[in-house]
Structure formats: C-alpha cells, structure tokens
Amino acid sequence: MAQSYSSWQAFAHDFVTGRELWVRKARIEWAGSKEDWVQAVQRLLDRTSTSSPWQQVP
C-alpha cells in the first residue's frame with residue numbers, strides 16, 4: 001500500500017530519516033554530508049522558491 005503525506009514537510013522528514021537509516025544499515029557513507037541533504041530538502045520546502053518543484057505541486 002502506498003503511503004500518502006499530509007504535507008511536503010512530512011514527506012521531507014520521512015525522506016531524510018529513511019535515508020539516514022538506509023545509510024546506517026548499508027554501512028556506507030552519505031553522498032555529501034547529512035547537512036547537505038537537509039539543506040537540499042530545506043531549499044525544496046522554501047515557500048519563496050519559485051523553482052522548487054515541491055512548491056509547484058500542492
């Protein structure tokens with residue numbers, strides 16, 4: 001069953017958490033730092049960003 005999210009913020013939280021768990025379990029290094037991924041997600045969540053696809057889809 002596919003999960004749906006009530007907001008992009010909820011999706012972003014689960015994305016970062018899931019990636020962190022996956023990286024730990026696989027015992028591999030992050031491609032970039034965790035902070036880089038968090039910053040990328042924050043840019044996608046930025047409501048003032050007209051280029052963010054997450055701001056173009058409600």
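Trainee: How many helices and strands are in the chain?
Mentor: There are 3 helices and 0 strands. Keep in mind that this is a predicted model.

Trainee: What pattern does the chain follow along the sequence?
Mentor: Reading along the sequence gives α-α-α.

Trainee: What share of the residues is buried?
Mentor: Of the 58 residues in the chain, 19% are buried.

Trainee: Okay, the inside. Which residues make up the largest nonpolar core?
Mentor: That core has 5 residues: A12, V16, V41, L45 and W54.

Trainee: New topic, aromatics. How many aromatic pairs does a search of the whole structure find?
Mentor: The search finds 6. One of them is W8 with F11, an edge-to-face pair. The centres are 5.8 Å apart and the planes are at 90°.

Trainee: How far apart are W8 and F11 in helix α1?
Mentor: They are 3 residues apart in α1, so about one helical turn separates them.

Trainee: How do the rings of F11 and W54 sit?
Mentor: Their centres are 5.5 Å apart and their planes are at 80°, so this pair is edge-to-face. F11 is in helix α1 and W54 is in helix α3, so the pair ties together parts that are 43 residues apart in sequence.

Trainee: Which residues do ring pairs link into a cluster?
Mentor: The cluster holds Y5, W8, F11, F15, W37 and W54.

Trainee: What sits over the ring of W37?
Mentor: The charged end of R19 does, 4.0 Å from the ring centre.

Trainee: Now the chain end. Where does P58 lie?
Mentor: P58 is in the segment after α3 (53-56). P58 counts as exposed, because its relative accessibility is 99%.

Trainee: How far is P58 from W8?
Mentor: Their C-alpha atoms are separated by 8.4 Å. Along the chain, P58 and W8 are 50 residues apart.

Trainee: What share of the contacts with a separation of 6 or more comes from residues 24 or more positions apart?
Mentor: Those account for 27% of such contacts in the chain.

Trainee: Let's do the loop. Where is S49, and is S49 buried or exposed?
Mentor: S49 lies in the loop between α2 and α3. At 18% relative accessibility, S49 counts as buried.

Trainee: Which backbone nitrogen lies 3.3 Å from a polar atom of the S49 side chain?
Mentor: That is the backbone nitrogen of S52.

Trainee: And which residues is S49 in contact with, leaving aside neighbours within four places in sequence?
Mentor: R43 and Q55.

Trainee: Last one, D14. Which helix is D14 in?
Mentor: D14 is found in helix α1. D14 counts as partly exposed, at 32% relative accessibility.

Trainee: What does D14 touch, not counting residues up to four places away in sequence?
Mentor: D14 touches Q3 and Y5. Y5 also belongs to the ring cluster we went through.

Methods: Residues numbered from 1 in each chain as written. Predicted model: local features only at pLDDT ≥ 70, side-chain atom pairs only at ≥ 80, totals over all residues. Heavy atoms only, no water. Core = buried A, V, L, I, M, F, W, Y, C linked by side-chain atoms within 4.5 Å. Buried < 20%, exposed > 50% of the residue type's maximum accessible area, 1.4 Å probe, protein only. Helix = DSSP H or I, 4+ residues; strand = E, 2+ residues; numbered from the N terminus. Contact = heavy atoms within 4.5 Å. Phe/Tyr/Trp six-rings, centres within 6.5 Å; stacked < 30°, edge-to-face > 60°. Lys NZ or Arg CZ within 6 Å of the ring centre and 35° of its normal. Polar contact = N/O pair within 3.5 Å; in protein donor to acceptor, adjacent residues only side chain to side chain.
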